[in-house]
Amino acid sequence: MATLMPGFSVCKGKMEPGERRFAERLEKKLDDSSLCWFDIPIGAGSHHPDFLVLDPARGLLVVEVKDWKIDTIEVADRLQFRIRTHDGSKMVVSPLEQARANAHAVANILKTDQELRSTQAAHEGGLCFPWGYCVAFTNFTRQQFLDVGLDKVLESARTICKDEMPESVVPETFCTQIWRTLPFRIKAPLAQEQIDRVRWHLFPEVRIPKKQFELFSNEEDGDVMRVMDLQQEQLARSLGEGHRIIHGVAGSGKTLILAYRAAHLAPACTKPILILCYNKALSKKLGQIIQAKKLENRIHVRTFHSWCSHELTAHGIDWPATPAKGANWDPYFQEMVDRTVKAVSAGKIPKAQYTAVLIDEGHDFKPEWLQLVVQMVDPSTNSLLVLFDDAQSIYVEDHRKKFSFKSVGIQAPGRTTILRVNYRNTQEILDLARTMAQDLLRAKESDEDGVPLLNPIGAGRHGPDPTVVKLPSLADEAKFIAERFREANQRGIAWQDMAIIFHDFKKVGHQILDTLSKMGLPVTLYKDATFSATENTIKVLTMESCKGLEFSLVAIPGLGHFGSTKDRTEKETRLLYVAMTRATHELLVCEGCDKSRRT
């Protein structure tokens, strides 16, 4: 079965009947390796084919689908058709000319990539795989096509008619019909890297930037063109109406999908879109995404508590009294939430304020928070997306033993997806993180209404082994980290792609920050960071504040102050797992004794 994007259940609502039939044929009759995109802009968006089909063993095909009946066509030539509509006669571009223009636009985009150019003399200057185009007429037969003389203005070999694609058509016959327009046969199937290069060029929205949170990268970097994998792309494109839940391991691309979803919804939204998370650092990062795309007027990014405070202020409701210096702030924040809940119940804060609500790191939200936020979704769109990874849940007590999504108003039966592959970390980093958290990561399945615990699967990317060192003092750890970070910077890693993640600011973070500052390294504490693209500094973060972020090089100092492996609490294990899985390429862990070893 071919892969259709968006998924059939999502796009069938905006398809004409003939497009639905043709999409079903593509899905059921093409080879399993075939990829089909429906109604998705190409490149900069000026070309918009009905279907784009890529078969790695055959080539690339653009298909225009027309639901016309034979008497819809009044006059036709090679360039234009006059068709009968409800509003009278209308001149339109010939469907074959429309398909040809779109196919040439696709080919011209791909020809800019030398890696996709042919090295054979016979196809010099062209692509290394064949490409073509055709038209599917879903409402009249081949005989009707011939009877009215359409074969005089359209190449018969580039058309397929209703009687040539019945539901009973043999897959081999159907494939012959649509692939016969290709000019030559491919010698060897396209490799995955070539397929990804095709997707990178044609669909900018699936690009993964070299730097986190640039959203959709525009940089072409020689041999490295990272894109969403096919599961991520199909999921991102197929998030239709209704409540949706994505359970994904650390580094599985949950935030990337959330960003895609927000940007996709923004142009057509009639009310604002709300993105919520728990941590301020992640909120700042997400805010930078939205600002970079000039969508801040349509998409609001807030932490849950800052959203509560905004709602109280906007509707004239008093905040709780500010705690005294040194006092526990937890009761203050709980009271803020309680006042927001009561105000919504009393009608003082309106419900249904947002076209869509998207929640990142939903595992850090208490059930009553989710119950409150669900009410903010406009019922006319009912668009809610919640991202979860219970292994990273560090704030919610009891880890949802009795929790169900239905109990908080989230209705997502049949709309729950699981992402198990970790793309962020190298296999070496992931192996160490799993070893440290092996008891925590014992996979636990759940029904659709519960919260599963997922054991991550590595994507097979490799890098240097993590370095675990034991040094006499925290000062020695700071000097060691400074030296390694300087070396990395000299190798070309930007300061902003490095982070130091600690557990306790008083015991560890303060000294590390002070030492590195005195040694002349550019460092910024998470509270002061803007996370803008121009802030080229090493980020110094708590394990709590690093959630949702990633960096090429991560150092974790002061692990000796964190307790031995056997004495760590479950929360401490979760924190360490979160910290380790922030590193995309290199990881340094300082345990705190007198000798070093490489793991």
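**Figure 1. Arg100 and Glu97 sit about one helical turn apart, because they are three residues apart in helix H3 (residues 95-110).** Helices (H or I, at least four residues) and strands (E, at least two) are DSSP runs, numbered from the N terminus. This is a predicted model: local features need pLDDT of at least 70, side-chain atom pairs count only at pLDDT 80 or more, and totals for chains, interfaces and linings use all residues. Residues are numbered from 1 along each chain as its sequence is written, and side-chain values use heavy atoms, with hydrogens and water left out. Arg100 and Glu97 form a salt bridge, with the closest N and O atoms 2.9 Å apart. A salt bridge is a side-chain nitrogen of Lys or Arg within 4 Å of a carboxyl oxygen of Asp or Glu. Arg100 is partly exposed, at 29% relative accessible area. Glu97 is also partly exposed, at 22%. Buried means under 20% relative accessible area, exposed over 50%, partly exposed in between (1.4 Å probe, protein chains only).

**Figure 2. Arg58 pairs with Asp55 in a salt bridge.** The closest N and O atoms are 3.0 Å apart. Arg58 is partly exposed, at 28%. Asp55 is buried, at 1%.

**Figure 3. Glu586 and Arg491 meet in a salt bridge.** The N to O distance is 2.4 Å. This pair links distant parts of the chain, 95 residues apart: Glu586 is in strand E23, and Arg491 is in the loop between H14 and E19. Glu586 is buried, at 11% relative accessibility.

**Figure 4. Arg582 is buried but has no salt bridge.** Arg582 lies in the loop between helix H16 (570-580) and strand E23 (583-590). The nearest side chain of opposite charge, Glu361, is 5.5 Å away. Lys and Arg count as positive and Asp and Glu as negative; His and the chain ends are not counted. A polar atom of the Arg582 side chain lies 3.1 Å from the backbone oxygen of Leu549.

**Figure 5. Helix H15 (residues 505-518) has buried residues, among them Val508, Ile512 and Leu516.** The buried residues of H15 pack against helix H14 (474-490) and strands E19 (498-502), E20 (523-525) and E21 (538-542). Contact here means heavy atoms within 4.5 Å. Gly520 follows H15, with a positive phi near 85°.

Figure 6. A disulfide is a pair of cysteine sulfur atoms within 2.5 Å. The count for the structure is zero. Cys277 is buried, at 0%.

Note on methods:
Polar contact = N/O pair within 3.5 Å; in protein donor to acceptor, adjacent residues only side chain to side chain.
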